[in-house]
Amino acid sequence: YRTMEFFNDLVRYSYLNHAFWACILSGITCGIIGTYVVCRRLVFLSGGITHSSFGGLGIAFYLGINPILGAMVFAVLSALGIEWANDRGRIREDSAIGIIWSVVWLRPGYTSGDLSNFLFGSIVTVTRTDVQALAVLTLVVTVGTLLWLRPVMYVAFDRDFARSQGIPTRLISY
């Protein structure tokens, strides 16, 4: 009886329906991306990028533009910066991640204000637009994985072998 009541509530209340689909779609996307992150030993990367995106949130919020867009720009730029530092051979990836993470923590008032709600929000506040954007992201990640799984895994496990097979390791890493 309770199971039927649960599914009835999923249909009846849009916020529960949105939360349900956000969980399903993010589970698929995070599972795919997480596998690559673990294979490349970049687990620390997720924390570094998340914390660096906080700067983008603050700047976008201050400028009156979409804070999520600001966070995405900062996240992508910090990931590219980490890969660039690693690619130049001067700093290992984990060291570059640590540097970016520590610079973010130097910002005064890091944990105060409403901006932390963007990082640590509630799943029941997900909107229909958020679910649609997440569905597009999940589709792109899934199709990209199906098309480029083999070269990406070659690079993740053995960059030298991938290079010897003519795989563009630098492009895949970025």
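Me: Is alanine 22 buried or exposed, and why?

Reply: Burial is judged from relative accessible area, and the cut-off for buried is under 20%. In this predicted model, alanine 22 has a relative accessible area of 5%, so the residue is buried. Alanine 22 belongs to helix α2.

Me: Which residues does alanine 22 touch, once residues up to four places away in sequence are not counted?

Reply: Alanine 22 is in contact with Ile123, Val126, Val131 and Leu134.

Me: Where does threonine 169 lie, and which residues are in contact with it?

Reply: Threonine 169 lies in helix α9, residues 169–173. With its neighbours within four places in sequence set aside, threonine 169 is in contact with Val155, Arg159, Ala162 and Arg163. Its relative accessible area is 7%, so threonine 169 is buried.

Me: Which residues make up the largest nonpolar core?

Reply: A core of this kind joins buried nonpolar residues through their side-chain atoms. The largest one here has 6 residues, namely Val37, Leu42, Leu45, Ile49, Ala75 and Ile82. The elements that contribute two or more residues to this core are α3 (43–63) and α4. There is also a second, separate core of 5 residues, among them Ala22, Val126, Val131 and Leu134.

Me: What does alanine 75 touch, not counting residues up to four places away in sequence?

Reply: Alanine 75 touches Ile49 and Ser53. Ile49 is listed with Ala75 in the largest nonpolar core.

Me: How is the packing of helix α1 against helix α2 described?

Reply: Two values describe it, the angle and the separation of the axes. Helix α1 (residues 2–12) and helix α2 (residues 14–39) pack at about 100 degrees, and their axes are 5 Å apart. Angles of 65 to 115 degrees count as roughly perpendicular, so α1 is roughly perpendicular to α2.

Me: Which residues make the contact of α1 with α2?

Reply: Helix α1 provides Asp9, Leu10 and Arg12, while helix α2 provides Ser14, Leu16, Asn17 and Phe20. By class, the residues of this contact are 3 nonpolar, 2 polar and 2 charged.

Me: How is a pair of aromatic rings described?

Reply: Such a pair is described by the distance between the ring centres and the angle between the planes. The count for this model comes to 3 aromatic pairs. One of them is formed by tyrosine 13 and tyrosine 15, with 6.0 Å from centre to centre and 45 degrees between the planes, and this pair is tilted. Tyrosine 13 is partly exposed at a relative accessible area of 33%, and tyrosine 15 is partly exposed at 40%.

Me: Why is the pair of phenylalanine 20 and tryptophan 21 edge-to-face?

Reply: Planes over 60 degrees apart count as edge-to-face. The planes of phenylalanine 20 and tryptophan 21 stand at 80 degrees, with ring centres 5.3 Å apart, so the pair is edge-to-face. Phenylalanine 20 is partly exposed at 29% relative accessibility, and tryptophan 21 is partly exposed at 40%.

Me: Where is leucine 80 placed?

Reply: Leucine 80 is in helix α4, residues 67–87. Its relative accessible area is 35%, so leucine 80 is partly exposed. Leucine 80 and tyrosine 174 are 94 residues apart in sequence, yet 6.4 Å apart in space from C-alpha to C-alpha.

Me: How many helices and strands are in the chain?

Reply: The chain has 9 helices and 0 strands. Of its 174 residues, 30% count as buried. Among contacts in the chain with a separation of 6 or more, 64% come from residues 24 or more positions apart.

How values were computed:
Residues are numbered from 1 along each chain as its sequence is written. This is a predicted model: local features need pLDDT of at least 70, side-chain atom pairs count only at pLDDT 80 or more; totals for chains, interfaces and linings use all residues. Side-chain values use heavy atoms; hydrogens and water are left out. Rings of Phe, Tyr and Trp (its six-membered ring) pair if their centres lie within 6.5 Å; planes under 30 degrees apart count as stacked, over 60 as edge-to-face and the rest as tilted. Buried means under 20% relative accessible area, exposed over 50%, partly exposed in between (1.4 Å probe, protein chains only). Helices (H or I, at least four residues) and strands (E, at least two) are DSSP runs, numbered from the N terminus. A nonpolar core is a set of buried Ala, Val, Leu, Ile, Met, Phe, Trp, Tyr and Cys residues joined through side-chain atoms within 4.5 Å. Contact means heavy atoms within 4.5 Å. Axes are lines fitted to C-alpha atoms, for helices over the stretch in contact, and angles run from 0 to 180 degrees between N-to-C directions. Angles under 35 degrees count as roughly parallel, over 145 as roughly antiparallel, 65 to 115 as roughly perpendicular and the rest as oblique. Ala, Val, Leu, Ile, Met, Phe, Trp, Tyr, Cys and Pro count as nonpolar, Asp, Glu, Lys and Arg as charged, and the others, Gly among them, as polar.
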